[in-house]
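Open the model in your viewer, keep the sequence panel beside it, and follow the stops below in order.

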Amino acid sequence: MQIINQVCDEIKEFGRKTEFGKIKQNLSGPERWGLRWLKKNVKQQKLVVMKADKGGAIVIMDPHQIIDILLKKLENESLYINLGKNFTFKETTAKMYDQWRLAVNSDYVSQKHAYDVVGLTEKMNISTLDLYKPGTPYYYASPKPHKLPLEKLVPGVDMPVRIITALHCGPTVRADKFIGENWLKPLADDFCKDLMRDSTNFLQKLSTPYSALIP
């Protein structure tokens, strides 16, 4: 214990005697001013900063312009179907549980799987654990500046965007993973022999003789 106290005293003494200089700025004056201006406008919701869909670029846009672009895409009936104002995620969750009850009664899945995946108890009730309580999915815009010629990348341009739906907290996310791992993945392995999983897999197939790829 005496040695520990001695070491602590020496560390404290070192800290008292050591003079630490000021941290040097690696930004110039105009850069610091610009950063403060950007933070202020983002905080006031006058600007939004987003990562581009590809290439690691950063896109700065008016949030109202992003909303207008999203609404224009969502109102395009060739891309999306309006489910109506009466549609709720509570209704979706209830329908999903009805399907799981049917699956258990038909011996498609075991009762243990039904509880582990979606929290369906032996009495076919829904567990109250927070683990099984779904959140609300949301969508966001992923800008695609690479779709525009360089000369058209100017303030106010009608930026192409890709709508991404975040379903990681949705009512069916646990069931989706279970179905994918237990049924869809084995089917893909059996019937999709030429499936390209990623860029690395594509390069591996390029280096494989063509005759070896033919069943």
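Is Asp107 exposed or buried? Select Asp107, which counts as exposed at 67% relative accessibility, where exposed means over 50% relative accessible area, buried under 20% and partly exposed in between, with a 1.4 Å probe and protein chains only. Asp107 sits in the loop between helix H4 (89-105) and helix H5 (111-118), helices being DSSP runs of H or I with at least four residues and strands runs of E with at least two, numbered from the N terminus. Its phi is positive, about 65°, although Asp107 is not a glycine. Most residues other than glycine have a negative phi.

This is a predicted model, in which local features need pLDDT of at least 70, side-chain atom pairs count only at pLDDT 80 or more, and totals for chains, interfaces and linings use all residues. Residues are numbered from 1 along each chain as its sequence is written, and side-chain values use heavy atoms, with hydrogens and water left out.

Next, select Met124, in the loop between H5 and strand S3 (138-143). Met124 also has a positive phi of about 65° without being a glycine, but Met124 is buried, with a relative accessible area of 19%.

Now zoom out to the whole chain, which holds eight helices and four strands. The radius of gyration, taken over C-alpha atoms, is 28 Å, well over the 17 Å that the globule rule (2.2 Å times the number of residues to the power 0.38) gives for 215 residues, so the chain is more spread out than a compact globule. Colour by burial to finish: 22% of the 215 residues count as buried.
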